[in-house]
Amino acid sequence: MHKVEKFSPELNKVYFIEKHTLFHILSGKGSIQVDFKNYFDWQEKAIFLEKGQYIKFLSDTFEVRKIEFSNDEKFYNNDVRVLFKHLISLGYIDLIECDECNSFLSESALADNSSNIIDISSKQWYWQNPFKANKEEYQIIFDIKDVIDLEYANNLTGKDLVGLINESGYNAQALVKNKVGLSIKNLISSKRLQESQKQIAFTDKNIQEISYDLGFKDDAYFNRVFKKSTGQTPKQFRENFDFERRDVFTQDILELLQKYHTTERSLEFYADKMNLSIKALSNKVKSKMNITIGQLIRLELVSTAKFMLLEDESITAVSHTLGFEEPNHFTRFFKHYSGITPSDFKSKKYNS
């Protein structure tokens with residue numbers, strides 16, 4: 001059984017995930033937030049989230065299809081879990097590259113047999129091969145992630161953790177470092193930080209209680225670790241996340257960027273529009289969005305470029321619209337920030 005819902009997400013609302021869920025981005029542009037990380041460029045993507053996560057849409061232009069799956073047993077399958085058990089980024093598939101996925105995400109197919117989209121998506125995920133590993137290596141990596149998700153508050157070392165999955169300590173640790181780019185210790189710290197952020201943002205627990213729940217014996221030490229990781233104290237983080245009041249700062253700056261990014265690149269322009277100094281704007285963007293204003297501008301440019309290329313606009317036309325002096329300047333910019341040339345990006349659409 002599954003539940004399918006098509007809707008326009010409410011701006012800045014926290015949508016808590018109660019079951020394994022697929023979000024199919026049908027239209028719109030802008031950024032999303034999942035578990036305190038902001039992600040950009042979600043056109044033509046399907047995102048997979050598991051119970052306990054949350055998603056926020058930082059633009060009011062999105063239309064999405066949400067598919068909730070009730071057969072939990074399926075998600076313990078080793079090949080399927082890769083979609084939902086995120087390592088350092090979101091589990092997603094690129095629909096531009098998957099005709100079979102697109103056919104199953106059509107309205108008619110969903111009415112019949114949408115659970116098959118999970119099997120097709122996991123095949124596509126392995127084909128995309130985000131960490132350039134083989135299937136056996138992936139199983140070791142995700143076995144470790146399973147244990148981390150269970151044991152993150154118990155102060156296990158990387159060696160302890162590897163011992164729990166009965167793999168060679170050296171090989172497993174080296175494998176994770178080589179393929180994921182982080183050590184097992186980093187993955188444990190990241191999971192503990194994420195869970196602390198959730199407790200701070202979404203509960204009324206005091207900081208001492210949260211630090212104890214997460215395996216810290218000293219809340220002063222927890223405060224130092226948290227501030228080093230986020231740039232804010234737990235108290236500041238709780239105030240800035242603003243769960244109930246839904247602070248409009250993030251939306252205001254994103255709306256300005258969407259409106260002016262093709263013509264305005266200067267920080268002074270955006271600071272003036274927000275009635276802030278450049279330094280105050282930069283600090284506020286960094287603390288609330290964990291990104292710089294310059295990165296936001298570049299991401300918005302790349303997002304618009306991709307949207308126009310998918311609409312079959314010429315590279316020259318895109319370059320002109322985005323304010324580049326020459327098409328070759330735009331091509332260099334696009335390749336630098338997306339890893340692919342505009343012409344190759346266009347050809348992916350037609351060759352998929």
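Which residue stands opposite A46 in β6? H24 stands opposite A46. The model is predicted: local features need pLDDT of at least 70, side-chain atom pairs count only at pLDDT 80 or more, and totals for chains, interfaces and linings use all residues. Residues are numbered from 1 along each chain as its sequence is written, and side-chain values use heavy atoms, with hydrogens and water left out.

**Strand β6**
- Strands (E, at least two residues) and helices (H or I, at least four) are DSSP runs numbered from the N terminus.
- Five of the five residues of β6 are buried, meaning under 20% relative accessible area with a 1.4 Å probe and protein chains only.
- K45, I47 and L49 point one way from β6, and A46 and F48 point the other way.
- β6 runs antiparallel to β3 (residues 20–27), joined by four bridges; pairing requires at least two DSSP bridges between two strands.
- Four bridges also join β6 to β9 (residues 91–94), again antiparallel, and K45 stands opposite D94 in β9.

**Nonpolar cores**
- A nonpolar core is a set of buried Ala, Val, Leu, Ile, Met, Phe, Trp, Tyr and Cys residues joined through side-chain atoms within 4.5 Å.
- The largest core has 39 residues, and L22, F48, I93, I118, W125 and I144 touch the most other members.
- Elements giving two or more residues to this core include β6 (45–49), β8 (63–69) and α4 (116–128); α5 gives the most, with seven residues.
- A second, separate core of 34 residues includes I253, L281, L296 and V302.

**K306**
- K306 is found in helix α15 (residues 293–310).
- K306 counts as buried because its relative accessibility is 13%.
- Leaving aside neighbours within four places in sequence, K306 is in contact (heavy atoms within 4.5 Å) with D41, Q43, F334, S338 and F345.

Methods
Buried means under 20% relative accessible area, exposed over 50%, partly exposed in between (1.4 Å probe, protein chains only).
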